[in-house]
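Subject: The structure to look at

Hi,

Here is the structure I said I would pass on.

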Amino acid sequence: MPPRDASQSGFEALLAPVVASAYRVAYHLTRHRDDAEDLVQEAALQAFRAFASFRPGTNFRAWFLRILTNLHYQRHRKSRREPAVVDLEDAPELYLYTQTAKAGLHQLADDPATLVLDRLDAGLVMEALGQLPEDYRVAAALYFVEELSYEEIAEAAGCPIGTVRSRLHRGRRLLQKALWELAEQRGIVRELEGRKGTE
Amino acid sequence: MSALDRYTCEETFRRLDDYLDRELSPDEQRLVEEHLRVCGICASEFRFEQSVLDGVRDKLSRLAVPADLMARIQELLTTESSPRGNPSGENRPE
């Protein structure tokens with residue numbers, strides 16, 4: 001066994017490169033900065049206590065995210081027991097593609113998706129993600145922030161790969177609908193539509 | 001290559017999300033890419049979806065992280081490691 005200090009420094013050396021993205025994931029899970037910071041700190045403490053069970057050479061990031069995600073779920077057991085009923089009827093596939101085409105935005109740019117997204121500030125995109133049901137938000141946060149594979153997300157979220165795939169694909173549709181609605185509410189769609197006649 | 005070796009628009013579209021997420025088998029990926037080379041509509045839809053994912057990822061990465069987060073965690077771990085912080089030594093890594 002290494003001396004305790006070496007163990008702590010060894011743990012910190014593995015944690016330091018993942019702590020920023022873990023905070024971003026935690027923020028999307030909790031939707032509050034203070035809660036996100038608290039979640040990461042508590043997850044770090046739990047991971048440190050369990051560090052003896054971590055096998056060197058395996059994926060520390062996935063191991064830590066599993067602890068963080070579990071901790072988040074433990075704190076919100078009520079919502080975990082009640083999986084969201086998601087109605088996708090109003091959010092068909094290619095939602096944003098279809099809406100931007102209907103609004104005539106494909107005439108304005110080769111990349112109409114970027115045309116719209118460039119006008120949505122980061123806070124609005126985070127707000128759109130925050131509107132997803134919890135299980136979908138967890139999968140989406142791990143996907144977008146950590147760029148994990150389906151298998152890694154399944155490991156971190158503690159669910160089967162098929163469930164991850166379904167949550168990601170459905171969540172993507174709901175996210176597109178939320179983004180479009182925010183773009184409409186903020187006058188971005190109207191502004192872009194107004195440019196059609198001038199370009 | 002025969003027509004049987006090619007994906008239709010429907011078969012390609014069914015794989016859109018898995019393709020964007022790099023979760024297809026090498027054979028499926030090749031067939032999707034071959035279809036996208038000859039079908040402008042599917043290519044346009046796939047490009048759009050990829051662009052949305054890239055844009056969302058970019059925006060989400062802009063969330064500022066507290067500068068002292070790691071330092072606070074280190075303090076917490078040091079307290080945990082000290083006999084006073086964790087008198088029983090329970091769960092303490094050795």
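**A buried aspartate to begin with**

Let's start with B:D21, which is buried, with a relative accessible area of 9%. Before going on, please keep in mind that this is a predicted model. You will find B:D21 in the loop between helix 2 (16-20) and helix 3 (26-38) of chain B.

What does B:D21 touch, leaving aside residues up to four places away in sequence? The list is A:Y143, A:Y150, A:H169, A:R172 and B:L53. Is A:R172 buried or exposed? With 6% relative accessibility, A:R172 counts as buried. The cut-off you need here is that buried means under 20% relative accessible area.

If you wonder why such pairs turn up, side chains of opposite charge can pair when their charged atoms come close.

**More salt bridges**

How many salt bridges does a search of the whole structure find? Over all chains, the answer is 17. One of them is between the side chains of B:D18 and A:R165, at 3.1 Å from N to O. This pair also crosses between chains, going from helix 2 of chain B, where B:D18 lies, to helix 11 of chain A, where A:R165 lies. B:D18 is buried, at a relative accessible area of 14%, whereas A:R165 is partly exposed, at 28%.

For a pair inside one chain, go to B:D27 and B:R30, whose side chains meet in a salt bridge at 3.9 Å from N to O. Both lie in helix 3 of chain B, three residues apart, which is about one turn of the helix. In general, an α-helix has 3.6 residues a turn, so residues three or four places apart point the same way. B:D27 is partly exposed, with a relative accessible area of 49%, and B:R30 is partly exposed too, with 38%.

There is also a network of salt bridges that links A:E37, B:D68 and B:R72.

**Where the two chains meet**

Now zoom out to the interface. The size of an interface is often given as the accessible area lost when the parts come together. Between chain A and chain B, the buried area is about 4600 Å², and carbon and sulfur atoms give 64% of that. Chain A brings 53 residues to the contact and chain B brings 40 residues.

Across this interface there are six salt bridges by the rule used. Among the salt bridges in the structure is the one between the side chains of A:E147 and B:R57, at 3.9 Å from N to O. The rule also finds 24 residue pairs in polar contact across the interface of chain A and chain B, with both residues at pLDDT 80 or more.

Which helices of chain A each supply at least two residues of the side that touches chain B? They are helix 1 (4-15), helix 2 (19-30), helix 3 (33-49), helix 6 (95-102), helix 7 (112-117), helix 8 (122-130), helix 9 (134-144) and helix 11 (161-185). Helix 3 of chain A gives the most, with eight residues. By class, the side of chain A that touches chain B has 30 nonpolar, ten polar and 13 charged residues.

**Chain A by itself**

Chain A has twelve helices and zero strands. Its C-alpha trace spans about 70 × 35 × 30 Å along the principal axes. Of the 199 residues of chain A, 54% count as buried. Taking the contacts in chain A with a separation of 6 or more, 73% come from residues 24 or more positions apart.

Just after helix 10, A:G158 takes a positive phi of about 70°.

Cheers

Note on methods:
Residues numbered from 1 in each chain as written. Chains lettered and ligands numbered in written order. Heavy atoms only, no water. Contact = heavy atoms within 4.5 Å. Buried area = accessible area lost by both parts, 1.4 Å probe. Salt bridge = Lys/Arg side-chain N within 4 Å of Asp/Glu carboxyl O. Polar contact = N/O pair within 3.5 Å; in protein donor to acceptor, adjacent residues only side chain to side chain. Helix = DSSP H or I, 4+ residues; strand = E, 2+ residues; numbered from the N terminus. Nonpolar A, V, L, I, M, F, W, Y, C, P; charged D, E, K, R; others polar. Buried < 20%, exposed > 50% of the residue type's maximum accessible area, 1.4 Å probe, protein only.
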